[in-house]
Amino acid sequence: GNQGTIDLFTLLLGTYDNGGIWEETTNSGTLIGNLWNSTTVLSGNFQFKYKVTAPCAVADEAIVNIIIKAIPETPVAFLEQVICDTQSLNLLATTVPNVTYQWSGPNGFTSNEQNPIINPVSALNNGMYSVKVIENGCESSLASVEVVVNSLPQFTLESSCVENAFTIMAIPINNSFDVNQVNYSWIGPN
């Protein structure tokens, strides 16, 4: 990616004579003296020549090549499901071609998969998960998604006979759920 303003003298190897002139042989148009402003240039190869002319028309020159690699686009991190204790967590990132994915998260979680799966999950997996992509040694910005693992409802069953009908009720333990905010799925004999 772009590196801001670069002093081309810092890229010369060995000793060199002062009093030379820098010239860009490519066309970024952002060279002023020995300072090249790469802030607004697109990725590509750029070449500069430092030429020192001595008395009697003797000249020496050095060539400096700079490669600006493109920073890959930032993936979007997301989830498609509500996550409950003991289920699988599917972390998802949008596709960015020709890159390596790098996920990190709570408890030292890391993965190089585009869409890693953590199975099973618990409240220990709560937290922020971040992903970036790497292409040709250049890293994208981070994209993050917060994961909240919902605990499973804890309940006891109470049965009774009410007006000659057998009744079963699910009673929350320690207010682990609101009886008015849940869906019930009963399975039993016909």
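Let's start with a charged pair: Glu 23 forms a salt bridge with Lys 49, and their closest N and O atoms sit 4.0 Å apart. This pair ties together distant parts of the chain, with Glu 23 in strand S2 and Lys 49 in strand S5, 26 residues apart. Keep in mind that you're looking at a predicted model.

**Salt bridges**

- The structure has 3 salt bridges in total.
- Lys 49 also meets the side chain of Glu 61 in a salt bridge, at 3.9 Å from N to O.
- Put together, Glu 23, Lys 49 and Glu 61 make up a network of salt bridges.
- Glu 23 has 41% relative accessibility, so it counts as partly exposed.
- Glu 61 counts as partly exposed too, because its relative accessibility is 42%.
- Elsewhere, the side chains of Glu 139 and Lys 132 form a salt bridge of 2.9 Å, N to O.
- In that pair, Glu 139 is partly exposed at 42% relative accessibility, while Lys 132 is buried at 17%.

**The sheet with S2, S5 and S6**

- This is an open sheet of 3 strands in the order S2-S5-S6, and the pairing is antiparallel.
- Strand S2 (21-24) and strand S6 (58-68) are at the edges with a single partner strand each, so one side of each has no neighbour in the sheet.
- From one strand to the next, the twist averages 25°.
- Strand S5 (residues 44-54) pairs with S6 in the antiparallel sense over 11 bridges.
- Gln 47 stands opposite Asn 65 in S6.

- Glu 24 lies in strand S2.
- Glu 24 does have polar contacts between side chains: one with Thr 26 at 2.7 Å, and one with Ser 28 at 2.8 Å.
- Beyond its neighbours within four places in sequence, Glu 24 is in contact with residues including Trp 36, Phe 46 and Phe 48.

**The sheet with S1, S4 and S3**

- Another open sheet of 3 strands runs in the order S1-S4-S3, with antiparallel pairing.
- Its edge strands are S1 (5-7) and S3 (31-32), each pairing on one side only.
- S1 and strand S4 (residues 35-37) pair in the antiparallel sense over 3 bridges.
- Ile 6 stands opposite Trp 36 in S4.

Definitions and conventions
Residues numbered from 1 in each chain as written. Predicted model: local features only at pLDDT ≥ 70, side-chain atom pairs only at ≥ 80, totals over all residues. Heavy atoms only, no water. Pairing = 2+ DSSP bridges. Helix = DSSP H or I, 4+ residues; strand = E, 2+ residues; numbered from the N terminus. Axes fitted to C-alpha atoms, helices over the stretch in contact; angles between N-to-C directions. Polar contact = N/O pair within 3.5 Å; in protein donor to acceptor, adjacent residues only side chain to side chain. Contact = heavy atoms within 4.5 Å. Buried < 20%, exposed > 50% of the residue type's maximum accessible area, 1.4 Å probe, protein only.
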